[in-house]
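Dear colleague,

I am handing over the structure below, and after it I set out what was found. Please read the notes with the structure open beside you.

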Amino acid sequence: MNRLELRLNRGRHTVWWRTLLAVLIWSVVCWSRTVAAESEHRLTILHTNDLLGRLLPEPYFDEADWGGFARLAYLIAEQRSTRADSVLIVDGGDALGDSPLAGMDAGRMVVRLMNGMGYDALAVGNHEFDYGLDSLRIRASEANFNVLSANVRVAPDSTALFAPFVLVERAGLQIALIGLLSPQALKVINPVKNPALNIDDPHLVLKTLLEGPAGRADLQVILVHMSAQEARDLVRAFPQVDLCIAGGFGRETRRGAGEHVVRFAGGGYLVTTPGWGTFLGRVDMTVRREEGRVVLVDVQPRLVPISPEVPQDQTVASLIDQQQETAQRVQQQQLGNTKEPIEDAAQWVADLIRTRLNTEVSVINQGTLRSLTLDGAIQLETLANLVRYDDVLVRVEVLGSQLKAMADSSAKRPSRSQRLVFSGYDVQISLIGGRPLVPEEKYQVATTSYLASGGDDYWTKKEAIDMASADWITLKQMLEEHIRKYPNLGRWDGVRQGGRSVWKNSTKLNGSLSHTTLDASASRYSGVSFLGGHDALAWNGQFESRTSYLSQRGTLVALLRSGFGQLRARSSLREAVDRLEGDVLYTWSQRRLAPFLGLDINTVWTAASGEKHPLALRFKGGLHKKWAPDTGVRVGLAMERDQVQATNVMGLEIAPEYKEEWRPGNVASSQAKFFWGVRQRSTLSLQNFNCLRIRLLGNLAFTLDANLFLHRDSQVQALAVKSELQVGLGYAWSEKWL
């Protein structure tokens with residue numbers, strides 16, 4: 001073999017080995033890529049929340065015909081058609097209620113359609129309880145998906161209502177789904193239909209679950225129904241939770257204003273949708289296994305609009321059409337007729353709410369109702385057209401300053417739907433029930449749970465108020481009951497005109513160290529009760545109770561004031577302070593200048609042996625001038641009757657009063673009565689009470705009282721002076737009832 005052939009043979013062998021080596025390297029690379037690919041898992045989670053049984057499309061702000069279960073079913077089928085084994089479908093609660101169409105069969109149609117769409121789990125929300133606990137249990141038994149509520153228990157044995165969590169397999173991953181409900185839901189769940197429900201702290205329950213099998217799954221996904229702040233706090237407290245799908249945030253107040261994705265520093269995600277079936281939420285997750293750990297490589301959340309461009313699933317649409325036909329037959333049922341057109345429907349509804357819930361004021365947002373004139377026949381369908389958002393009616397207590405702020409904010413709103421309609425509160429002249437609004441006074445207000453929960457941002461979290469559901473009646477139910485009661489309906493039939501009469505009481509009880517000073521002339525006026533007592537430094541008890549009845553025609557006020565303290569002097573006790581006064585006053589109107597009639601009674605607790613108790617009655621009448629709710633002056637004619645001496649004095653009484661509250665519980669007040677009289681004897685007297693209260697804790701306050709009393713009449717011809725300085729602690733409380 002020559003050298004040339006040898007070189008050729010060697011070249012051929014070299015090429016063969018190089019080829020073999022390249023094939024081996026290529027195989028290793030492909031194998032490693034295959035292993036890497038097999039260690040990655042791609043999961044898609046489709047989620048909804050706050051569907052509220054809206055089977056049919058509805059307006060989404062200024063656009064009509066969004067949402068609907070037929071479009072939702074089409075989208076879900078389309079999204080899962082290619083990778084059904086890696087798609088999970090869940091709901092964050094409030095799916096079954098509260099639409100009339102879904103309510104026809106207590107949510108049965110909703111469950112049937114969710115079964116057909118392939119839902120895997122539903123977290124119980126507060127509207128799941130709309131049809132009652134027994135009905136909810138039946139719906140859960142009909143569901144092919146898991147109904148979850150980890151922290152809801154039912155008395156008397158505190159058994160769990162439904163399963164706390166479920167483990168599901170998707171895309172080669174074991175996923176723990178946990179359902180949690182806010183304890184605040186108890187405020188809006190009807191206790192009559194759902195007796196003995198308890199909702200535990202979600203934090204404590206979740207901590208326990210994550211320490212068990214749920215915490216050992218590849219992924220932890222919690223389905224919660226609670227406020228946005230509650231959900232954020234929960235995810236921050238548990239960074240091991242990979243994804244939180246939330247419902248219950250409430251409907252957006254402005255289009256696109258809601259926050260639908262939150263990523264936390266710990267790595268977890270919180271997602272939600274605007275609700276009402278207007279969007280389908282989608283979360284695409286890439287997960288990798290690394291050294292026995294599951295790592296989130298990528299998370300891509302987004303909202304898929306369920307707009308009019310989305311086709312409808314024809315099977316689902318047919319089922320909804322059948323339900324709608326049945327509903328229409330019911331909706332055409334006639335309730336009554338109107339005597340005359342009711343054009344101000346929103347104001348009429350607000351007046352009716354105030355009457356039905358028996359409150360001083362009612363308020364609704366105009367967006368709750370559609371602009372509609374009630375004229376002629378009224379059917380159930382008429383109410384469905386009138387009421388855009390059927391909501392539970394609630395009673396709340398609201399400060400006058402808050403009501404004023406709401407009215408001011410309403411006037412500035414560019415959106416008509418967010419403006420407010422008041423009943424019982426004249427915002428133009430700031431009168432409530434014909435009486436001036438008092439900023440620091442609490443008023444009974446009827447409204448919808450939407451507004452009371454902070455809807456349209458009229459109440460901030462700092463001003464959060466407690467709601468009391470009113471007989472668990474909704475706006476539409478109230479209207480239906482009223483029209484059935486008055487089938488030949490007039491504008492004011494069954495509606496209270498004018499303000500609501502109110503009873504108020506404020507009571508103070510003080511214990512103080514009192515220094516009493518009297519000059520020598522005081523002892524000569526033994527028949528004048530407010531001069532009773534002795535020079536002394538002694539412990540003193542004071543009691544004052546003011547009860548008022550306020551109506552549109554006028555105000556009746558009854559004041560009872562008492563003081564008593566004793567000091568041991570040698571072998572006996574003597575009174576340092578001894579006073580008992582009553583004052584009844586009726587003012588005919590709440591105008592700034594109003595006529596009044598009144599009666600004063602002055603006496604003492606004790607009397608010297610063999611002597612009668614001094615007793616003076618003063619009848620008076622005149623005009624009352626007010627500059628503020630608790631600041632003004634009364635000027636009138638008066639007749640004073642001394643029952644012991646059997647004398648009558650006619651004269652003039654001037655009674656200024658002042659009160660200033662610069663912070664809740666911190667009050668400065670002054671009341672005086674100046675009387676000048678003639679007839680059987682000339683009389684000049686002054687009773688002046690001044691008080692400073694500094695709030696310490698709750699209803700307990702530091703008190704400082706400085707009182708001055710003067711008296712002179714023609715029988716004694718000497719001016720008597722008495723003063724009291726009292727320092728101590730007081731306890732005050734107030735009540736108001738209708």
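Leaving aside its neighbours within four places in sequence, Glu360 is in contact (heavy atoms within 4.5 Å) with Arg354, Ser423, Gly424, Ile432, Arg435, Lys442, Tyr443, Gln444, Arg500, Val502, Lys736 and Leu738. Please bear in mind that this is a predicted model, in which local features need pLDDT of at least 70 and side-chain atom pairs count only at pLDDT 80 or more, while totals for chains, interfaces and linings use all residues. Residues are numbered from 1 along each chain as its sequence is written, and side-chain values use heavy atoms, with hydrogens and water left out.

To stay with Glu360, this residue sits in the loop between helix H9 (345–357) and strand E19 (361–365), where helices (H or I, at least four residues) and strands (E, at least two) are DSSP runs numbered from the N terminus. Glu360 is buried, its relative accessible area being 3%; buried means under 20%, exposed over 50%, and partly exposed in between, with a 1.4 Å probe and protein chains only. The side chain of Glu360 makes a polar contact of 2.9 Å with the side chain of Lys736, and a polar atom of the Glu360 side chain also lies 3.0 Å from the backbone nitrogen of Gln444. A polar contact here is a pair of N or O atoms within 3.5 Å; within protein, one must be able to donate a hydrogen and the other to accept it, and residues adjacent in sequence count only if both atoms are side-chain atoms.

Turning to the whole protein, there are 13 helices and 40 strands. The radius of gyration, taken over C-alpha atoms, is 38 Å, well over the 27 Å that the globule rule gives for 738 residues, so the protein is more spread out than a compact globule; that rule is 2.2 Å times the number of residues to the power 0.38. Along the principal axes, the C-alpha trace spans about 160 × 70 × 50 Å. Of the 738 residues, 49% are buried, and among contacts between residues at least 6 apart in sequence, 68% join residues at least 24 apart.

Some backbone details also deserve a look. Ala155 and Pro156 are joined by a cis peptide bond, with omega about 10°, and Pro156 lies in the loop between strand E7 (152–154) and strand E8 (159–160). Ala171, although not a glycine, has a positive phi of about 50°, and Gln717, also not a glycine, has a positive phi of about 60°. Gln717 is partly exposed, with a relative accessible area of 48%.
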